[in-house]
Amino acid sequence: MSVERALEGVGGWLDDRFHGARGARVLLRKVFPDHWTFLLGEIILYSFVILLLTGTFLTLWFQPSMTQVVYHGAYVPLRGVHMSEAYASTLNISFDVRGGLLMRQIHHWAADLFMAGIFAHMIRIFFTGAYRKPREINYLIGITLLTLGLVEGLFGYSLPDDLLSGAGLRILQGVMQSIPLVGTYLAFFLFGGQFPGHLIVPRLYILHVLLIPGLILALVTAHLFIMFLQKHTQMPGKGRTNENVVGAPMYPYFMAKTGAFFFFTFAVLALAGTFAQINPIWLYGPFNPVAMSAGSQPDFYMGALEGALRVMPAWQWVVFGHTFAFNVFIPALLPLGIVFGGAAFWPFIEQWITGDRREHHVNDRPRNAPARTALGIAVITFYGILWAEGANDLIAVHLDVPLYWTTWVARIAIFVGPVLAYFITKRVCLALQRKDAHLLAHGMETGIIRQLPVGEFIEETRPVDEEAMAVLVARSEPPPLRALEAGEGEVPPPGMRGGALGKMRERLYTAVTESIPVPEPHLDGPYGHAIETNGHNGHGQESLPAGSAGTEPGGSEGQH
Amino acid sequence: MSWITARRRHPAAGYAVVAFVLVLIGVGYAVVTSSGNASASSPAPANAAQIAFGRRVFVEDCATCHGLFAEGQAGQAPSLIGVGAAAVDFQVSTGRMPAAVLGAEQDRKPPHLNPAQTHAVAAYIQSLGGGPPIPSAAQVSTAGANIGLGQRLFVANCAACHNFVGAGGALTYGKYAPPLTASTPTQIYEAMLTGPEAMPAFNDLTITPQDKRDVIAYVTQVRSQSNPGGFSLGRIGPVTEGLVAFLGLLLFMVLAALWITAKHRKAHE
Amino acid sequence: MSDTNSPGMPGAGDSGEDSWPEYLTSGEAHGATPSGGDPEGRRPRHRVIGTPPPAAARTLLSEEEAEGPPAARELPAEPSDPASAKRAERIVAACFLLAMVAGFGFLVAYAIVGVGTISGALHSNLWLGGCLGVMLLLLASGATIWVRRLMPEVELTEQRHLMRSDDKDREAFKETFEEGADASQFVKRPLVRRTLLAATVPLAVAPLFLLRDLGPLPGTSLDHTAWRKGLRLLVYGTGRPITAAEFNSPGSIISVGPEGYLDNDDEMAKAAVTLIKFRPGQLQFTTANHAVPNKVVQNWTVNDIVAYSKICTHVGCPAALYEQTTHHILCPCHQSTFDATQGARVIFGPATRPLPQLPIGVDSQGYLIALGDFQEPVGPSFWERS
């Protein structure tokens with residue numbers, strides 16, 4: 001059947017009922033900009049789809065019950081051992097159900113890739129400034145999804161009730177218990193009594209398969225819908241402005257590319273599930289509260305929390321018969337509270353500092369926002385140090401570092417590291433900006449050396465081509481500091497007045513907007529650039545006399 | 001021209017030669033080196049001749065640190081009176097003794113003394129002050145052992161240092177609990193019995209010989225078990241899994257994204 | 001074409017455009033000029049589509065089209081290099097065919113590779129996963145080559161419009177909303193408004209009340225364990241009782257629990273105890289009958305055998321690692337370290353409290369028994385703990 005007949009048949013039937021022709025055409029033609037970093041979000045989306053598919057498979061066999069049973073299944077070493085039904089059913093899936101182990105492993109690898117993708121995507125969003133107006137809400141939805149994913153993963157790997165994840169639940173319980181005033185109540189309500197009780201696995205189960213995936217699904221839908229409505233941002237380039245979107249249409253291009261990427265995601269997860277063993281619960285053994293293993297860590301996305309718990313010195317207050325267990329609830333709440341809370345507030349803080357309330361649809365190159373990039377690297381350094389400390393005993397034994405040294409180094413590094421990282425990154429960004437400015441003002445070196453009649457040697461340069469030029473001049477300049485003051489007779493907002501807040505804002509403004517200015521681009525034909533550096537002040541070049549002899553260097557179009 | 005000479009310029013010729021030489025070296029090395037561990041066979045009952053032989057070996061290889069009569073030297077090596085043959089057999093058959101460097105913690109290395117010498121020194125030390133004897137073959141046999149109970153005892157008492165499958169773990173001040181991949185059943189028994197170096201002791205009245213056999217059965221069974229899920233990633237838990245997720249999976253996805261969105265190079269058209 | 005201007009300083013006497021697109025600070029829609037079709041078809045064709053009419057109504061998925069169907073074809077029908085496309089077509093077809101084979105391999109492997117043993121699970125995983133992975137990889141590669149080499153290159157431009165609605169629409173919305181608010185009487189009649197809000201307060205709080213029975217109140221359950229005077233210490237796992245005479249090798253440890261509770265995980269999570277045997281003179285004793293910082297209560301030991309709670313006082317992991325040479329108990333979770341000769345005082349790590357010492361003695365037959373419960377709560381700190 002030809003395409004036209006199909007459209008008239010099925011298409012007509014649907015359109016008769018849904019008035020869809022115009023909207024559907026808009027959808028088919030919708031333009032999607034093309035940059036590889038824009039696919040990072042799709043990693044997350046497709047991992048989530050695979051999580052849903054494999055997870056549904058697993059629910060057909062998994063028993064979310066902590067009732068003790070005696071195992072008599074296929075895994076011989078644990079025959080006759082007492083374990084929970086949850087653990088026994090997981091062994092059953094792994095060894096007695098065809099494809100069960102594969103689905104379990106794909107599910108767990110997909111969870112890891114989901115979280116890794118979220119980190120990569122969030123970093124891309126931050127460093128390109130894609131969280132700016134009008135995308136602040138979408139960015140907050142993203143941070144919520146990050147938190148939900150973290151919790152979903154934690155609950156998921158705790159379901160089999162094995163030794164490793166059971167230790168993690170014990171830590172969760174101990175952390176909850178330490179919270180002042182309400183800690184013991186929270187812990188007893190979650191676990192249905194003392195640890196371990198018999199209710200935690202079924203409760204985590206329903207959170208893990210129904211409530212949280214439902215929330216994630218709803219938020220992901222909102223996230224994509226907002227992205228559709230506002231259209232995706234684009235990287236700076238030729239022809240790309242704040243008022244347009246340049247790329248290929250949804251149909252057939254983007255559909256095909258995203259479809260291919262889905263298959264890549266599924267493929268890499270299937271291959272990982274085949275060749276890389278993950279969460280071998282039969283080796284950990286069933287949970288028992290008297291046992292513990294060396295090298296016990298949670299899944300990587302909880303690593304920073306684990307590291308925070310390890311790095312904290314022993315600090316508590318006992319006042320009037322009550323304990324403030326700072327050594328526990330500070331590392332549990334403060335570092336990630338700062339990181340995630342700070343990330344959530346950052347778009348609004350940046351707006352306040354720079355006064356920039358325009359819409360932004362063109363991404364920044366990270367080097368063009370030096371303070372933001374430096375801050376991002378500093379936060380990543382902080383997070384990364386905590387993350388490494390979470391694995392400190394494995395670092396100690398495999399890299400031959402004394403155990404306590406790792407903790408001492410981390411205790412100092414979490415303060416010193418981010419400061420150093422901020423400083424170094426900012427300088428690197430400014431240096432890259434200078435390099436761009438140089439390229440813009442002087443053009444590219446051609447390697448052609450010319451001798452002038454006076455005897456001096458110069459190197460010819462030519463302007464960079466249009467594509468590169470468009471990228472180099474792309475800059476979103478923040479509005480000047482004074483421009484947003486109120487008009488005559490009105491009281492300016494506190495941030496604009498002269499007081500302490502206003503002065504702080506001025507200082508922050510200067511720090512945040514520090515940048516190398518974009519010079520006038522060199523547009524004309526080749527000119528000379530003295531080889532001896534008689535000061536790189538940028539504008540003291542010799543120019544070739546008009547009509548000077550010789551071949552033209554490879555020209556840019558139409559310029560010469 | 002011979003068959004090989006005719007193919008000397010074949011594109012795969014170089015690779016074939018390299019592969020052949022590698023195989024030759026590998027096989028030769030495997031043949032030349034021995035496994036180097038003490039046998040699991042029971043030692044012959046001590047007699048005066050063996051003890052005298054052991055005395056001679058002791059004086060040659062051990063007395064410099066442990067003293068001429070195994071009385072120990074402060075700051076150098078402990079007294080061996082009363083440690084028993086089991087401790088000696090463990091330390092010597094795992095190559096820890098004679099120690100290469102002074103210190104409380106010694107690494108496993110190829111043993112310096114052969115099994116006959118080892119048993120002789122052990123018999124000599126046993127004769128000095130008694131102590132736990134080398135376990136018999138029956139004592140370390142895992143036939144009919146209860147692996148499930150072994151697992152339970154292992155995770156409650158051993159895994160905190162040695163990790164849940166005996167892959168090793170960190171201790172303080174640069175010490176570590178070694179992996180159990182190379183230990184023989186006899187050595188495992190002896191280690192539990194005598195508590196070498198930083199390891200605590202589990203005597204036969206606390207963890208009975210039957211219990212010890214169960215633990216040995218668990219350790220030996222789980223370390224030889226295949227990994228049905230693929231490569232084991234070290235069996236040290238989620239840290240290596242996380243590294244694979246970032247450096248493997250995410251990297252692959254980035255490469256795929258780069259391929260899908262790559263601009264066409266002019267040369268391709 | 002030579003430029004008659006002298007190739008002088010940048011900016012002087014430019015050739016083409018007046019200025020580079022001012023694309024960020026103003027609302028001017030300054031779309032790029034189409035570069036026109038390159039005769040060799042090397043550059044992607046560039047089209048500007050759909051400039052929206054100024055005050056057109058905005059649909060949810062916006063983007064208005066010009067009136068009438070677009071005159072010119074916007075997407076080319078054929079790729080620019082037919083020969084390369086022909087080769088690519090064969091590659092893509094091969095990918096998909098092999099993917100189909102791998103897919104059938106998956107089905108066959110499912111049917112013939114059995115599970116039920118460790119090696120069965122290994123082989124099944126390998127075959128099923130391998131076929132699935134290969135199939136998906138080939139599908140992905142084929143689709144990618146299809147997009148890149150078979151579909152003609154194209155670059156389209158779509159206009160955005162300001163997210164902010166124009167003032168007329170905002171006014172209209174405001175009017176509609178206010179009209180409705182007036183008609184609803186919600187603002188004008190505070191009595192019904194306030195009573196409505198008052199009525200919804202218990203409704204909003206009800207879900208919280210419904211959660212009250214999630215668990216019992218903690219009460220004093222965290223303050224006590226199952227240990228009582230006279231309960232024997234049993235080896236965990238085997239359930240054997242031990243005598244002081246049996247546990248006589250210095251440097252020994254063993255995990256024990258109270259008689260009758262070894263299979264009760266809830267109780268063992270608090271009652272697990274580490275028993276350690278020392279040489280005479282190693283333990284630093286106090287003669288007091290209560291816990292003294294940095295000291296071991298001598299009356300609670302038997303023959304230099306001391307019992308400490310195994311539950312770490314940081315966040316509750318079993319602190320199961322013991323170094324005989326340094327007599328340190330190390331918790332592997334977060335490296336809290338306790339000195340067993342000094343009342344399990346904390347010497348490193350995040351734990352703030354020492355491990356509580358269990359009073360032990362012997363019964364008439366010489367078996368180790370508890371002399372009572374711990375004299376302080378075991379495990380992690382909590383608000384009510386003084």
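A salt bridge is a side-chain nitrogen of Lys or Arg within 4 Å of a carboxyl oxygen of Asp or Glu. The structure is a predicted model, in which local features need pLDDT of at least 70 and side-chain atom pairs count only at pLDDT 80 or more, whereas totals for chains, interfaces and linings use all residues. Residues are numbered from 1 along each chain as its sequence is written, chains are lettered from A and ligands numbered from 1 in the order in which they are written, and side-chain values use heavy atoms, with hydrogens and water left out.

**Stop 1: the two domains of chain A**

Select residues 31-234 + 252-292 of chain A for domain 1, then 364-478 + 513-560 for domain 2; such bounds come from an automatic or database domain assignment. The C-alpha centres of these two domains of chain A lie 40 Å apart. Their contact (heavy atoms within 4.5 Å) takes 8 residues from domain 1 of chain A and 9 residues from domain 2 of chain A.

Between the two domains of chain A, about 770 Å² is buried, and carbon and sulfur atoms give 63% of this area. Buried area here is the accessible area (1.4 Å probe) that two parts lose on being put together, summed over both.

Next, display Phe126(A), Phe127(A) and Arg132(A): they supply 64% of the area that domain 1 of chain A buries against domain 2 of chain A, more than any other three residues.

**Stop 2: the salt bridge**

**Stop 3: chain B against chain A**

Now show both chains. The contact takes 52 residues from chain B and 65 residues from chain A. About 4,600 Å² is buried between them, of which carbon and sulfur atoms give 73%. On chain B, select Leu249(B), Met253(B) and Ile260(B), which lose the most area to chain A, together 13% of what that side buries.

Which polar features link the chains? Between chain B and chain A there are 0 salt bridges, while 11 residue pairs are in polar contact, both at pLDDT 80 or more.

Notes
Polar contact = N/O pair within 3.5 Å; in protein donor to acceptor, adjacent residues only side chain to side chain.
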